[in-house]
Amino acid sequence: MNAQQPQTAGHPRRWAILAVLVISLLVVVLDNTVLNVALRIIADPQHGLGATQSELEWAINSYTLVFAGLLFTAGILADRIGRRITLAVGLGLFGIASLVSAYASSPDQLIGARALMGLGAAAVMPSTLSIIANVFEPKERGRAIGVWAGAVGLAVALGPILGGFLLEHFWWGSVFLINVPIVIVGVALVFTLVPESRDPKPGRIDVVGVLLSIVGLTLLTYGVIKGGEDGFGDVLAWGPIVGAVLVLTGFVFYERGLEFPSLDVRLFTNRQFSASTGMIGLVFFAAMGAMFFGAFYLQLVRGYGPLASGALFVPFAVGQMVFAPISSNMVKKFGPKLVSTTGLLLVALGLSTWLFIGAQTPIVVVALAFFVQGVGMANVMPPATESIMSALPREKAGVGSAVSNTIRQLGGALGVAVLGAILSSVYRDNLATDGLPGAAADAARESISGAYAVAAQAGPAGGNLIHSANESFVTAMHWASAGSLVFALLGALVAALFLPGKRPAGPHSPVLAEEQGVALVEA
């Protein structure tokens, strides 16, 4: 090991390294988009696992719970023990858990395996972004983060299509097996091309701070998830949320008094840092909720198969893939305020389209809504992420990445929970179940998937139930869309009020960090 002087031109293999990081990122994002397409088949008792609506949500949320709870800790550990080894271990865990998920024989096994996948993903995500911050010079970092964000769009496109193809030709578990070869290639390339880097002066590890962050974030995520399932008036929802607020408040006060804190909480007094994290949380709240009900709309209300419904997510991905890599040039020309505000307004425009989408709306309108939303996200995520990373010196890149990804995961989980709760409540209130036996009526009211299952056994009455379920779901979708629209507009307001028109050079800006001689530790 030797400390090297900062390389103002960046690492000589930086673009090849970025390609490896994109592969690592692809496998994590692919998984979630694939799972959305597979939800209906996993719920099928004959061709899947017969998972209930609650079990389907936990198949998604067990991953989110572990991912969000441990992201911050994984970022700290990556800075201390090495970002390359953390990335490789995370990929390995993700691959093993994917193999277990593919052969799960019950919903509970799938939920447990998904939790293990969340542990692997928690190590992968902050490592990829922090490695970018360490191998690229500040002038190129915005462009590299744009490519990194564009890779998310690529995964969003590949996941549903690949997942749909596999589901139409193989059993449901095949959607998880696609991760395994990607992980094997990714780990080999990580050890071949990616240099090791870590914080050269990590100080004493903040054990209490790390534990408080894990407990607080896990309680918060769990409370949000339970609120989405059972309502936020349930003690199992608001109790953990109140506990999380107390624990995280204690975390903030504890960190303020430390010489070597896990997170310098004074960063949140930086208006640009706070606004950027807030924007990420708000936009993912809006977007992930829409993706959740969009998958059910396409496969049930519109009757598209997994492959066709997956293909309809491609416009969203194309918008991100095309515009995310060039967003850094837009920021240089117009400033982060205008670019981010415009991006969030485009997200809001795409989401507002869902207010007018019905059971017979031309499908091109849905594709256009996804495309506009993707273009908007492409002009929000890269500048917001780069703003967060530039607020920290390079040796703390893992912490900055962890903050960004934690906010994103919590925003997405909260969006699915809150908008999902609105969706379920309005759907139940509008569904007509006259003439159905009590158990069948309860199953139909649980979800639109349940209504379709009941209708298949209801004989001539099944047609009326399906019509009522579709109408009820569309009405509920409109209410949920209105909620997502409000949060996208709140994000635009935050960007317009608090982001700078020009990129300022602050005491923690990457340029000054380079000038002050932030050292890389290379293996």
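Visitor: In which helix does Ile81 lie?

Guide: Ile81 lies in helix α2. Keep in mind that this model is predicted.

Visitor: Let's take α3. At what angle does α3 pack with helix α7?

Guide: The angle is about 165°. Helix α7 covers residues 179–193, and the two axes are 9 Å apart. Angles over 145 degrees count as roughly antiparallel. So α3 is roughly antiparallel to α7.

Visitor: Is the crossing of α3 and α7 left-handed or right-handed?

Guide: That crossing is left-handed.

Visitor: Now another pair. How do the axes of α10 and α20 cross?

Guide: Helix α10 spans residues 271–301, and helix α20 spans residues 462–498. Their axes come within 9 Å. They cross at roughly 165°. Apply the cut-off again: α10 and α20 are therefore roughly antiparallel to each other.

Visitor: What is the handedness of the crossing of α10 and α20?

Guide: The α10 and α20 crossing is left-handed.

Visitor: How do the residues of the contact of α10 with α20 divide?

Guide: Sort them by class. In the contact of α10 with α20, 21 residues are nonpolar, four are polar and one is charged.

Conventions
Residues numbered from 1 in each chain as written. Predicted model: local features only at pLDDT ≥ 70, side-chain atom pairs only at ≥ 80, totals over all residues. Heavy atoms only, no water. Helix = DSSP H or I, 4+ residues; strand = E, 2+ residues; numbered from the N terminus. Axes fitted to C-alpha atoms, helices over the stretch in contact; angles between N-to-C directions. Parallel < 35°, antiparallel > 145°, perpendicular 65-115°, else oblique. Left-handed = near helix turned anticlockwise from the far one by under 90°. Nonpolar A, V, L, I, M, F, W, Y, C, P; charged D, E, K, R; others polar.
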